[in-house]
Amino acid sequence: MDTIFGFEPALAAAMIAAAIAYEFFTFAPLIFSAIVAVRRRTTMRRKFLFVGSVVALTYGLLLVFLVTICVPISAFMIYVAPSLRFNGYLENSWFIAVADFAVEWWWLILPPVFIAAALVTTRYLAKRWNAIVDALQG
């Protein structure tokens with residue numbers, strides 16, 4: 001067996017490992033909140049609600065960020081920037097360079113953002129979770 005789908009075995013194994021790591025990073029909100037819920041066995045109440053709340057808040061906040069920031073930037077890069085480049089206005093613009101990088105490599109930027117958002121949301125809610133549950137119960 002010389003190749004696996006046209007790739008050398010070492011490269012195929014590295015690609016599989018990178019794919020597994022990428023999936024692990026994108027499921028970071030679920031994994032981190034579940035770890036916190038399991039580690040605080042006696043003090044945390046309604047653990048499944050905690051995990052669901054952290055996951056929903058993390059993905060929701062990232063979606064709001066992507067919609068409010070990335071959609072206008074993408075629209076600018078698609079509709080306005082080509083005509084400005086053609087006329088020579090944006091030859092040395094740092095904004096265009098950063099936006100081009102983000103549009104090209106967004107899939108590499110996403111896992112660290114998921115991890116950071118998951119850590120911040122989990123830590124924020126874990127400190128206040130018992131007070132939130134008390135408020136929910138009236």
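This is a predicted model: local features need pLDDT of at least 70, side-chain atom pairs count only at pLDDT 80 or more; totals for chains, interfaces and linings use all residues.
Helix α1 spans residues 9-26. Its axis comes within 8 Å of that of α4, and the two cross at roughly 45°. The two helices are therefore oblique to each other. From α1, the contact is made by Y22, F25 and T26. From α4, W107, L110, P111, F114 and I115 take part.

Two salt bridges are counted in the model. One joins the side chains of D134 and R45, with an N to O distance of 2.4 Å. This pair links distant parts of the chain, 89 residues apart. D134 sits in helix α4, whereas R45 belongs to the loop between α2 and α3. D134 has a relative accessible area of 41%, so D134 is classed as partly exposed. R45 is also partly exposed, at 32%.

The other salt bridge is formed by D100 and R85. Their closest N and O atoms are 2.7 Å apart. D100 lies in helix α4 and R85 in helix α3, so the pair ties together parts 15 residues apart in sequence. D100 has a relative accessibility of 33% and therefore counts as partly exposed. R85, at 39%, is likewise partly exposed. In general, side chains of opposite charge can pair when their charged atoms come close.

S33 is located in helix α2, which covers residues 28-39. The relative accessible area of S33 is 0%. Buried means under 20%, so S33 falls in that class. Leaving aside residues up to four places away in sequence, S33 touches F50, V51, V54, V55 and T122.

K47 lies in helix α3, which runs over residues 47-86. K47 has a relative accessible area of 28%. This value lies between the 20% and 50% cut-offs, so K47 is partly exposed. With residues up to four places away in sequence again left out, K47 touches A37, R40 and R41. K47 and V36 are 11 residues apart in sequence. Their C-alpha atoms are 9.1 Å apart in space.

A nonpolar patch is present on the surface. The patch is formed by F101, W105, W106, W107, L108, I109 and V113. Together these residues have about 680 Å² of accessible area. F101 is found in helix α4, residues 94-137. With a relative accessible area of 49%, F101 is partly exposed. W107, another patch residue, also takes part in the α1 contact.

Methods:
Residues are numbered from 1 along each chain as its sequence is written. Side-chain values use heavy atoms; hydrogens and water are left out. Patches are made of residues with over 30% relative accessible area and no salt bridge: like charges are joined within 9 Å, nonpolar side chains (Val, Leu, Ile, Met, Phe, Trp, Tyr) within 5 Å. Accessible areas come from the Shrake-Rupley method with a 1.4 Å probe; for residues, only the protein chains shown count as cover. A salt bridge is a side-chain nitrogen of Lys or Arg within 4 Å of a carboxyl oxygen of Asp or Glu. Helices (H or I, at least four residues) and strands (E, at least two) are DSSP runs, numbered from the N terminus. Buried means under 20% relative accessible area, exposed over 50%, partly exposed in between (1.4 Å probe, protein chains only). Axes are lines fitted to C-alpha atoms, for helices over the stretch in contact, and angles run from 0 to 180 degrees between N-to-C directions. Angles under 35 degrees count as roughly parallel, over 145 as roughly antiparallel, 65 to 115 as roughly perpendicular and the rest as oblique. Contact means heavy atoms within 4.5 Å.
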